[in-house]
Amino acid sequence: MITDLRQAFRLLLTAPGFTSLVVAVLAIGIGATTVIFSIVDGVLLRPLPFADAERLIAIQSVTRGDDDGTASVPDVIDLKAARTVQDVVGYTGGSVILTGRGEAATLLTTFVTGDLMATLGAPLLRGRSFADADVRPGAAPTAVIAEHLWRERFGADAAVVGGTATIEGQACTIIGVAPETFDFPIQSKRVDVWLPIATTQIGAQLASQRGAHFVHTIARLAPGASAEQAAAELGAIGERLAREFPKSNAARLVRVVPLQERIVRQHRLALTVLLGAVGAVLLIACANVANLLLTRGVGRRRELAIRAALGAGRGRIVRQLLVESVVLSAIAGAVGVLLSLWGLAAVVAASPVDIPRLHDVRIDRGVLAFAALLSAATGIAFGMIPAFQASRLDAGETLKGTTIAADPRGVRTRQILVASEVAISLLLLAGAGLLGRTLLNLQRVDVGFAAERTLAMEISLPDTRYPNDPARIAFYRRTIDALRSIPGVRSAAAGSTLPLTGNDMGIGFRVEGRPVRDEDHTNAAYHAVSPDYFSTMGIRLVRGRAFTARDDEQAPPVLVVSETLARTYFPGEDAIGKRVTIGYHNSGPREVIGVVADVKESELSEKAQPEMYAPFPQTPWPFFSVVVRTERDPAARAAALRAAIVRLDPEQPPGDVQTLTHYVRLATAQPRFTATLASAFAAIATLLAGLGIYGVLAYGVAQRRREIGIRLALGAQPGDVRRLVMTQAAALGAAGLGAGLAGALLLTRALSSLLFGVTASDPTTFGAVSLLLMAVVVAAAYLPARRATRVDPMIALRAD
Amino acid sequence: MAENGQPLIKLDGVTKVFFTDEVETHALSGIHLQIDKGEYVSIAGPSGCGKSTLLSILGLLDSPTEGQYFLNGRPVAELPASERARVRNREIGFIFQSFNLIGDLTVFENVELPLTYRGMKSAERRQRVEAALERVGMAHRAKHLPSQLSGGQQQRVAVARAVAGEPLILLADEPTGNLDSRSGEAVMDLLRELHRGGATICMVTHDPRYARHADRSIHVFDGRVVEEQTEMAVTE
Ligand SMILES: Nc1ncnc2c1ncn2[C@@H]1O[C@H](COP(=O)(O)OP(=O)(O)OP(=O)(O)O)[C@@H](O)[C@H]1O
Ligand SMILES: [Mg+2]
């Protein structure tokens with residue numbers, strides 16, 4: 001074995017060009033695979049960082065037909081009765097304002113209905129988590145803060161527990177500090193503080209309503225209980241709730257999924273597809289290297305024949321060759337791991353922000369072990385074919401003849417390898433093409449508003465300083481006035497939430513004079529907006545009128561609806577003049593005064609949904625977002641926007657200022673991530689396949705020099721000879737394309753749910769990638785073909 | 001004599017110099033040579049004297065460094081590559097020492113190959129190939145691969161390939177060099193028969209027995225023609 005190793009190294013050193021080519025090709029394959037594997041491992045496979053994480057479940061209250069759903073706080077309390085689960089807790093995200101500790105700051109918050117840390121089995125760094133008494137309505141405000149907040153804002157004060165923090169303008173007792181290792185919910189940005197859901201007025205208000213389905217629910221399976229038992233029991237509770245509270249729960253059912261599954265499900269398909277793609281790249285790399293080795297194997301026949309003649313058995317020769325290829329792949333593996341360190345950083349940097357745990361992905365020991373295994377397997381995979389082929393040589397025959405004719409079996413193997421490379425490349429190109437088309441289609445989606453030259457900022461008003469509607473309305477008016485007077489700002493408006501910013505709100509409604517049926521799904525996206533909202537956002541008014549300053553808190557209640565709402569609920573009628581009651585601010589029926597164009601609320605791929613708008617002063621919220629349209633570059637106005645808010649209320653931390661273009665772009669982040677990586681892999685694959693074809697053809701031309709020379713001597717024109725090579729290339733390409741197309745048609749179906757505006761078997765995409773690949777084949781054949789025409793026909797006269 | 005009274009081949013002061021690694025090899029120095037239509041010429045001389053080089057120039061595989069070459073009255077020394085390929089294809093038939101049949105093609109396809117480069121219709125090609133194979137007595141082996149034939153049989157197929165296109169001249173470079181004497185005899189008989197049928201032949205050979213088949217023997221030494229003998233002179 002040691003001798004084998006020593007010989008292997010010596011051999012690799014004697015052919016440095018060959019060695020570096022093989023190492024480069026393999027290192028790219030192994031490196032890329034390692035990067036994607038580390039992400040799949042860190043995001044999808046690795047257990048959540050909690051005790052007995054596999055016993056954690058998500059309890060979903062879903063509307064029939066939906067994938068995911070949230071429960072109401074009263075639902076959560078009823079679900080606690082189940083015996084098969086324990087520590088049922090509901091939570092929802094939000095933000096609060098921290099004052100009195102340096103500059104006012106907006107804290108990323110998780111509101112909870114109970115002891116979240118107990119459910120997750122996570123110990124605290126200091127103090128304790130929430131007891132039942134802390135989460136009861138009317139309880140004294142308490143908070144658990146994150147370690148990083150404790151260090152940054154509380155100077156890592158050892159006596160922080162028992163002290164207070166001013167949150168939303170009220171004094172909260174800090175009861176605990178959660179360690180940095182605790183991070184829940186798992187999202188791209190770390191949570192700063194955990195608070196009982198009733199800490200804010202609106203939270204308390206919503207928590208009392210059976211119909212306010214806004215909390216995610218998790219629990220731990222009770223000792224001895226199985227997930228199936230829990231699903232049955234919780235499902236039964238769900239059915240009971242649907243019977244008892246038909247108004248809010250009739251269309252809902254309760255489902256159980258493993259918590260990890262719920263967190264990663266959204267990304268599973270995309271990441272699996274990428275892993276498949278990168279695996280395919282590695283496969284092509286292997287095929288390429290196997291080809292290179294086969295080529296070299298031809299040159300080494302004499303050496304191997306001498307070894308065989310000296311008594312080396314077949315197993316001995318196979319071993320020698322396998323040792324060589326594994327040494328090659330080990331070197332490539334080491335280089336690949338180095339590449340993957342850089343690649344992972346690049347991928348993480350390019351990734352959309354919302355893949356959970358992505359930022360924790362490391363090339364750790366597990367991944368290294370994977371890379372090592374992968375390298376060894378690769379070495380054996382690409383080494384096997386040439387090794388066995390070489391071992392089948394007849395020693396006597398090889399030594400006898402001075403001329404070595406092309407070995408037809410070797411040629412066939414090489415052609416099959418290369419055709420497979422083309423097939424796999426086509427598969428990847430088709431997938432990347434479809435994902436690319438999806439991205440283009442998404443980018444072309446009409447979002448319903450004009451995102452260019454706008455700036456947006458969220459503002460949330462603490463209950464303590466803005467305790468009632470008049471106070472909130474007053475601040476809202478002053479804010480809009482202040483923003484409007486910023487130089488370079490053309491118009492300013494406000495809305496309770498802005499489309500595509502990740503916040504959306506749905507509210508039930510009822511059309512006056514129509515019977516109400518509980519099953520009816522009369523829910524619409526809802527926005528409380530200022531008079532200039534439509535013009536500032538660039539949302540087209542289709543009929544009727546927009547709001548004016550006169551539609552204030554004293555004026556008759558009015559409503560603007562979207563085209564889809566008008567079409568769905570007032571088919572064949574004019575929506576204008578109709579009266580609609582909305583499930584917020586019991587202000588009675590509202591008259592529909594206008595119809596506006598549809599707007600994408602949370603996703604670009606969503607179907608148009610019913611939307612409604614009410615004047616902000618008539619339905620004020622304790623938070624809203626402002627949006628301004630600027631004359632020129634909006635980024636230049638961001639600081640002025642922030643300053644204006646601070647001038648109005650120094651205790652109000654200015655929120656993140658972002659352009660709406662940023663949010664629109666963010667909405668394509670995930671598909672862009674997938675499409676970019678898939679394209680990169682497809683490009684590498686195609687390049688390698690091109691290289692493979694080039695190799696086979698160039699080798700073929702070298703081997704057939706004499707034949708080509710004879711043909712030229714017999715009067716073949718350069719074009720005839722070129723055609724000879726091109727025909728071979730075309731045959732290889734066509735075989736690969738045929739197999740690839742068949743495979744692609746089967747496999748791209750798995751992509752369906754990632755696609756938008758293009759079918760999995762889109763003929764244009766398939767046609768285009770086939771053409772592209774054929775062009776690559778022709779390009780790869782160009783040099784060998786040219787070399788063939790340069791063969792000196794004199795070779796025919798030389799007798800050898 | 002060619003129809004217009006000119007020799008079929010006329011070399012005028014042809015020299016060939018190879019430049020390799022700053023070494024000049026004067027393979028041919030001032031060759032004057034005429035071959036008339038219907039002649040059978042053999043070329044002899046020691047190894048390295050330039051026989052093959054001469055043949056390659058005659059066959060338009062290579063072009064002279066200096067001098068003129070008229071083929072059938074037409075200057076061909078400076079033709080462009082594609083025109084030279086055309087001339088090789090239509091007007092010259094090659095027979096090589098190592099047969100040079102293409103291993104992947106059947107006997108039939110090998111003979112057909114030069115005809116396909118002419119864009120000849122397949123029916124006519126078939127007829128010509130069959131006739132040529134008939135002439136060399138290999139018609140029954142049309143579907144065989146060259147590797148299934150003996151050396152002598154392979155060379156007969158090569159002759160069929162050379163004559164199938166009805167060239168102006170057959171050029172043969174030691175056609176018996178790779179054959180045992182019996183097979184060599186058979187091939188030489190074949191050439192003689194072709195010659196009797198009117199073919200013009202120019203053959204390089206070391207073997208004085210075969211040189212005697214020719215009407216005329218040319219001796220080359222160090223790139224020069226040193227001696228020309230007619231058949232009569234030799235037999236005397
Ligand atoms: N392509 C070439 N490059 C350089 N030198 C060459 C080339 N071809 C031939 N020569 C040289 O030209 C000279 C004549 O070679 P040629 O092959 O014509 O000899 P020959 O008479 O056919 O010999 P033989 O009887 O051994 O076949 C030799 O010295 C040879 O080395
Ligand atoms: Mg020679």
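Colleague: Which residues come nearest to ligand 1?
Modeller: A residue belongs to the surroundings of the ligand if one of its heavy atoms lies within 4 Å of it. There are 15 residues around ligand 1. Those that come nearest are S47(B), G48(B), K51(B), S52(B) and T53(B).

Colleague: How many Å separate an oxygen atom of ligand 1 from an N or O atom in the side chain of T53(B)?
Modeller: Polar contacts are pairs of N or O atoms within 3.5 Å. For the side chain of S47(B), the distance to an oxygen atom of the ligand is 2.5 Å, and for that of K51(B) it is 2.7 Å. For the side chain of T53(B), the distance from an N or O atom to an oxygen atom of ligand 1 is 2.5 Å.

Colleague: What percentage of the accessible area of ligand 1 does the protein cover?
Modeller: On its own, ligand 1 has 630 Å² of accessible area. The part of this area that the protein covers is 66%.

Colleague: Which element gives the most to the shell around ligand 1?
Modeller: The elements that give two or more residues to the shell are strand 1 (9–20), strand 2 (23–35) and helix 1 (51–58) of chain B. The greatest contribution is three residues, and it comes from helix 1 of chain B.

Colleague: Is K37(B) partly exposed or buried?
Modeller: K37(B) is found in the loop between strand 2 and strand 3 (40–44) of chain B. Its relative accessibility is 43%. Buried means under 20% and exposed over 50%, so K37(B) counts as partly exposed.

Colleague: Why is strand 11 of chain A described as largely enclosed by the rest of the structure?
Modeller: Strand 11 of chain A covers residues 454–460. It is largely enclosed because, of its seven residues, the number buried is six.

Colleague: Which residue in strand 21 of chain A is the bridge partner of M457(A)?
Modeller: Strand 11 of chain A runs antiparallel to strand 20 (residues 623–630) of chain A, and seven bridges join them. One of the pairs of bridge partners there is L455(A) with V628(A). Strand 11 also pairs in the antiparallel sense with strand 21 (residues 657–658) of chain A, over two bridges. In strand 21, the bridge partner of M457(A) is V657(A).

Colleague: Why is the sulfur of C49(B) too far from the closest cysteine sulfur for a bond?
Modeller: C49(B) is buried, with a relative accessible area of 2%. The closest cysteine sulfur belongs to C202(B). A disulfide requires two cysteine sulfur atoms within 2.5 Å. The sulfur of C49(B) is too far for a bond because its separation from that of C202(B) is 13 Å.

Colleague: How many disulfides does the structure hold over all chains?
Modeller: The count takes in every chain of the predicted model. Over all chains, the number of disulfides is zero.

Key
Residues numbered from 1 in each chain as written. Chains lettered and ligands numbered in written order. Predicted model: local features only at pLDDT ≥ 70, side-chain atom pairs only at ≥ 80, totals over all residues. Heavy atoms only, no water. Polar contact = N/O pair within 3.5 Å; in protein donor to acceptor, adjacent residues only side chain to side chain. Areas by Shrake-Rupley, 256 points an atom, 1.4 Å probe, with all protein chains shown as cover. Helix = DSSP H or I, 4+ residues; strand = E, 2+ residues; numbered from the N terminus. Buried < 20%, exposed > 50% of the residue type's maximum accessible area, 1.4 Å probe, protein only. Pairing = 2+ DSSP bridges.
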